Amino acid sequence: MAEASPLYQTYMRAPLRFERGEGVWLVTETGERYLDFAAGIAVNSLGHAHPHLVEALKNQADKLWHLSNLYDVPGQEKLAERLTSATFADKVFFTNSGAEALECAIKTARRYHFARGNPERFHIITFEGAFHGRTIATIAAGGQAKYLEGFGPKAAGFDQVPFGDLDAVKAAITDETAAILIEPVQGEGGIRVVPNEFLRALRDICDENGLLLILDEVQSGVGRTGKLFAHEWAGITPDIMAVAKGIGGGFPLGACLATDEAAAGMKAGTHGTTYGGNPLAMAVGNAVLDVVLADGFLRNVQDVALVLRQGLAALKDRYPDVIEDIRGEGLMLGIKAACPSADLLLAMRGEHMLSVSAGDNVIRLLPPLTLTAEEAREGLRRIERAAESLTAANEKKSLQG
Ligand code: PLP
């Protein structure tokens, strides 16, 4: 994007202009095809232009776009019923984004304690490397200096502890603690999977101390890890959960889910949104669930993920100078690079394959959940060519050196 662009210069955009998409493929204005293992950062859960989603959006567009939450929105009731019957939750609040889902989750946890006569309990324990969004509260929750700098005082009430440190969690609990907030798999932090035992221990700590467990499943949810939600692998349930990205399949949609008990403080007038839960978003969200909840869909995600994972493990053995480690769960995979991860990202882009960078020198692979085994193998071939080109460049450099 040129300097003269009227857009805020907050993004380092790749010099690519896509015109349309089909499944796992994106096509540029000049007709070049790219294999999309970024999927809008885990958003295009069913790939591009999925016929069922296109039909649902078009049908709704002919009827009604927006109502506001002054009236019943039938699609909300339907989507909330499906989400609650498929999860731990009893109540749902719809938003337009992940950060708004987190805002609702944070407010829900604070109001729970307020309503029980403990307004001083508003602190939330979070983890280093976390990412929860870009609003004033969610940058404080994420706690990353690079996102906080220059935006005034950090919002109060977020106490951060090192990733994976249970003793630090226990030590951080005070009479003012309301909740613990964690991503079951850190996405932006570098596809760091929280071990199942750790999640179970957090559940116990919450129960022992009267705290609420809030999960941020904005990136890991809606089938991404091969279960509907990633916490299911650990066999625990949260009290509150933030969801977004994949639930809308590309349409802006988020949700905050909670148990009846956790949501008890959220009375009429305590929260609101103009657009959240609008009929267009509800039509698409329901259509996404038609596909993701269908028999065999999640099983297929797990099977294809295995093909990808095994192929990546083989590439790690063959190209140790490029690939240090493979991590993640389901189709939320990370390649920890042995070289600068930006080099690998660019080399993959040179092979017409898209991925996303993350913290900890990791490249994220977040393909559509509709990925086939053959498309997974196509991705592996492209990563292999990228690794080969980086190895050859390294060898040339060391010969010259
Ligand atoms: N939480 C997690 C785990 C995320 O990955 C993201 C976005 O990347 C967010 C929250 C914020 O979502 P949004 O960008 O839709 O506000």
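Colleague: What makes H3 and H9 roughly parallel to each other?

Modeller: Helix H3 (residues 74-86) and helix H9 (residues 279-292) pack at an angle of about 30°, their axes lying 9 Å apart. Angles under 35 degrees count as roughly parallel, and H3 and H9 are therefore given that label. The model is predicted: local features need pLDDT of at least 70, side-chain atom pairs count only at pLDDT 80 or more, and totals for chains, interfaces and linings use all residues. Residues are numbered from 1 along each chain as its sequence is written, and side-chain values use heavy atoms, leaving out hydrogens and water.

Colleague: Which residues of H3 and H9 make the contact?

Modeller: Contact means heavy atoms within 4.5 Å. From H3 come Gly75, Gln76, Lys78, Leu79, Arg82 and Leu83, and from H9 Met282, Gly285, Asn286, Leu289 and Asp290.

Colleague: How do you know that the structure holds zero disulfides?

Modeller: A disulfide is a pair of cysteine sulfur atoms within 2.5 Å, and the structure holds zero of them. For Cys206, the nearest cysteine sulfur, that of Cys256, is 15 Å away. For Cys256, the nearest is that of Cys104, 3.6 Å away, and Cys256 is in no disulfide.

Colleague: Why does Cys206 count as buried?

Modeller: Buried means under 20% relative accessible area, with a 1.4 Å probe and protein chains only. Cys206 has 0% relative accessibility, so the label buried applies. Cys256, at 4%, therefore counts as buried too.

Definitions and conventions
Buried < 20%, exposed > 50% of the residue type's maximum accessible area, 1.4 Å probe, protein only. Axes fitted to C-alpha atoms, helices over the stretch in contact; angles between N-to-C directions. Helix = DSSP H or I, 4+ residues; strand = E, 2+ residues; numbered from the N terminus. Parallel < 35°, antiparallel > 145°, perpendicular 65-115°, else oblique.
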